[in-house]
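Here is a friendly walk through a multi-chain model, written for someone who likes to know the cut-offs behind each value. Please keep the structure open while you read.

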Amino acid sequence: MMSQHPATWGQPTPANSSFNQFNTFPLPQTQRGQSSHAHHGPVGHTQQPLVTGTSVLGLKYDGGVMIAADNLASYGSLARFRDIQRLHPLGQHTLLGVAGDMSDFQWLKKELDALLREEDALALTDSHPSLSPKNIYELLSNLFYARRSKMNPVWNAVLVGGWDKVKKESFLAYVDLLGTTYTAPTLATGFGAHLAQPLLREAYEAKAGIDGNGPLLTKEEAEKVLEDCMKVLFYRDARSLNKYQIATITSEGVDISDSKSADTYWKFAEGLRGYGAQTQ
Amino acid sequence: MENNGGSVVAMIGKDCVAIASDLRLGNQAVGIASNFDKVFPVNDKLYYGLPGLATDVYTLKEHLRFRVNMYRMKEEREITPKTFTHLVSSTLYEKRFGPFFIEPVVAGLPTPTELDPHPKPFISTMDTIGCVTTPKDFAVAGTAADKLYGVAEGLWEPDLEPEDLFETVSQTLLNAVDRDALSGWGAVVHIITHDKVITRTLRARMD
Amino acid sequence: MALYHNQPMAHAQEPTAAPIEHRFNPYSDNGGSILAIAGTDFSVIAGDTRQSEGYNIQTRYARKVWQLTDKAVLATNGFAADGNNFVKRVKQRLEWYEHAHHKPMGLKSIARMIQTMLYGKRFFPYYVYNILGGIEEDGSGAVYSFDPVGSYEREACRAAGAAQSLIQPFLDNQIYFKNQQPEPGSQPFIPGNLPLATVLSLVVDSFTSATERHIEVGDGMEIYIVMARDRTTDDLLGEGKLQKGMEIEELGTLGEGQGERTFLVRQALKRD
């Protein structure tokens, strides 16, 4: 029997734990590996992701930036929560797209929302400028790097999309649990880095060129590319869902779409032995 | 590879080829001998180098000598560099699941024939199980392979005359093996031209 | 006694293998390469701009080379997050120094500071190879290279990073003239004396070679050139002095300015 628990996924289950084979709630004392030892050394910070979100995609276009993520929060191989929003707006001109551990994401939301409330209050009373996307990204980077340095990582990969009011240009950047940071006109986390990033780069460079000096994609073109990518991810990423949202960040502010689905085609499956109806 | 150390490089020039190797034989980090030749002649137009596990160098060299002699007797002609490459390759692949720890490098000048009166200089190299590549510029193998790539990529240029090719291959080899703990302890260079083979032993760092 | 002996024996037969720990690994390797070469009155510090993790290119433009002062430029290579945060801390220390002493820190002092900062994290190291280039107090071009825990030395040139093994032997040959002898009767070779134009083309050759043969190197490169006080810039800014495809900009002075000038040359590299 194969273990379904995220901590031991894919490993054979110990013979003496035949009950609760599909642990559908986290068990703190779940056995790791097959050892009878309960010794794990001193209690550490080190965690592992339990309820996780998969790829997030980001793409700069003419007049703004788009971020896409599906609505699934998986528990190992179980599609546990199917109506989770992984796009989170921060203030007027910034939005996070979050992959990885969803409880760390919720903690992050709480912390950042609290900070933004303070900032908003300050911005009312004097000429205190509101936090720019770059400010928020810097803060996130420092937070993630500090936590990894304490060996207690925030188990996420985050895309920060935004509109810089001063420079009048879009902002798109990445930060992850190691504190690794980078920016690029197209970004993707996790499986998306393998499956979607090549498609995003191809579409971006087809118009803007390799130096990015040409015209950018229009809003409609960008949305089409992202929808194609989300479809490809749904076809091939087993931890994805055909229900996703696209956020658009422009000088006008943040707009998060309603959940939508890509049109998928499964006719080919009928002809596959072991997939469609058996004819012999 | 890392057991005995050693490196080989081959380069194409204008109507000439070069093949060179270091002379070290080691037991891991300990140097054992500074006269361990890894480059051998097939005939006066074709040489090959066998960097890798020293015991396999001997075995493979003798094995190939036997097979080349058989070829010579049956065909009553000399083997071409290309055919020899495939001979080495299939010899290695015979031991696909228990390979010789050798990455051969072949360098030769094909003799002109009626069908091909102006054959191009030929080099090739293989992995331990005989997967062949035939570069148009240079081939490297052994423990200093990455260093050899870097220097050769910087120094090599097309259509070098024999003496210039000698300088290029020598500088490439010496400077690469000087940064490799498992290669060095002397070097030998062969320049193969249509009328002669020039073999020179180089003065090198002995540390 | 028999019991006493049996007890530990029985214990020893139990499976002693610890459970397979999925311990969090706080490091990563982000590829790329850096290099610096010193001249008599200039210093060149360069790096490629690709940032990767495994076979994934994360971005085609990420900085690895940083202007610290008017006469110091630092290149970092290894784990990018450590590199960025290390540079951030170095810059902060340099700012504190300037507030305390009303002058920018000298190059050799920056080098020593970097060694103490690196060694300060000896038991949780910055996974970064640093190369510091610039102009020394006496006006000479200098290069300092460091290992991740702070060992350092002043050199005429140094390559580091993913393609170190490709570039360093080439530099040994072309900068230190290793395995070369001057013609009988001619001047002896002196490392660190090459003209700027020669150094620049060696830097370009090093990176195009590394790009050709190493998958983690490519996309673009940034070459910082620090010129000593009152040095001519004709060999850099003059007509036709730059190679094809190069773009140059002068970086303004960071402080009061004592005559040193820093230039940044960018050039595209292959993206495959």
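## Salt bridges and chain contacts

The side chains of Glu153(B) and Arg213(C) come together in a salt bridge, at 2.8 Å from N to O. Here a salt bridge is a side-chain nitrogen of Lys or Arg within 4 Å of a carboxyl oxygen of Asp or Glu. Glu153(B) sits in helix 3 (residues 145–155) of chain B and Arg213(C) in helix 5 (residues 196–213) of chain C, so this pair joins two chains. Helices (H or I, at least four residues) and strands (E, at least two) are DSSP runs, numbered from the N terminus. Arg213(C) is partly exposed because its relative accessible area is 34%. On this scale, buried means under 20% relative accessible area, exposed over 50%, and partly exposed in between (1.4 Å probe, protein chains only).

A word on the ground rules: this is a predicted model, where local features need pLDDT of at least 70 and side-chain atom pairs count only at pLDDT 80 or more, while totals for chains, interfaces and linings use all residues. Residues are numbered from 1 along each chain as its sequence is written, chains are lettered from A and ligands numbered from 1 in the order in which they are written, and side-chain values use heavy atoms, with hydrogens and water left out.

Let us stay with chains B and C. Across their interface the rule finds two salt bridges. The side chains of Arg179(B) and Asp172(C) also meet in a salt bridge, with 2.6 Å from N to O. The contact (heavy atoms within 4.5 Å) draws on 16 residues of chain B and 15 residues of chain C. How much area is buried between chain B and chain C? About 1400 Å², with carbon and sulfur atoms giving 50% of that. Glu153(B), Asn175(B) and Arg179(B) supply 37% of the area that chain B buries against chain C, more than any other three residues. Buried area is the accessible area (1.4 Å probe) that two parts lose on being put together, summed over both.

Chains A and C share the most contacts of the two pairs of chains in contact. No contact joins chain A and chain B, and their closest C-alpha atoms lie 26 Å apart.

Over all chains, the count comes to 32 salt bridges by this rule.

| Pair | N to O distance |
|---|---|
| Arg179(B) and Asp172(C) | 2.6 Å |
| Glu153(B) and Arg213(C) | 2.8 Å |
| Glu138(A) and Lys88(C) | 3.1 Å |
| Glu260(C) and Lys71(C) | 3.8 Å |

The side chains of Glu138(A) and Lys88(C) meet in a salt bridge. This pair crosses between chains, from helix 2 (residues 133–149) of chain A to helix 2 (residues 80–101) of chain C. Glu138(A) counts as partly exposed because its relative accessibility is 32%, and Lys88(C) does so at 37%.

Buried or exposed: which describes Glu260(C)? Glu260(C) is buried, with a relative accessible area of 4%, and its salt-bridge partner Lys71(C) counts as buried at 8%. The two are 189 residues apart and link distant parts of the chain. Glu260(C) is in the loop between strand 12 (247–251) and strand 13 (261–268) of chain C, and Lys71(C) is in the loop between strand 5 (65–69) and strand 6 (72–78) of chain C.

## Inside chain C and chain A

In chain C, strand 1 (residues 33–38) and strand 10 run antiparallel and are joined by five bridges; strands pair if DSSP finds at least two bridges between them. Leu35(C) stands opposite Ala159(C) in strand 10. Strand 10 (residues 157–161) of chain C is mostly covered, with four of its five residues buried.

Chain A has six helices and 13 strands, and 45% of its 280 residues count as buried. Ser74(A) lies in strand 4 (residues 73–75) of chain A and counts as buried because its relative accessibility is 2%. Leaving out residues up to four places away in sequence, Ser74(A) touches Leu50(A), Val51(A), Thr52(A), Arg80(A) and Arg239(A). Glu223(A), Glu227(A) and Lys260(A) are linked in a network of salt bridges.
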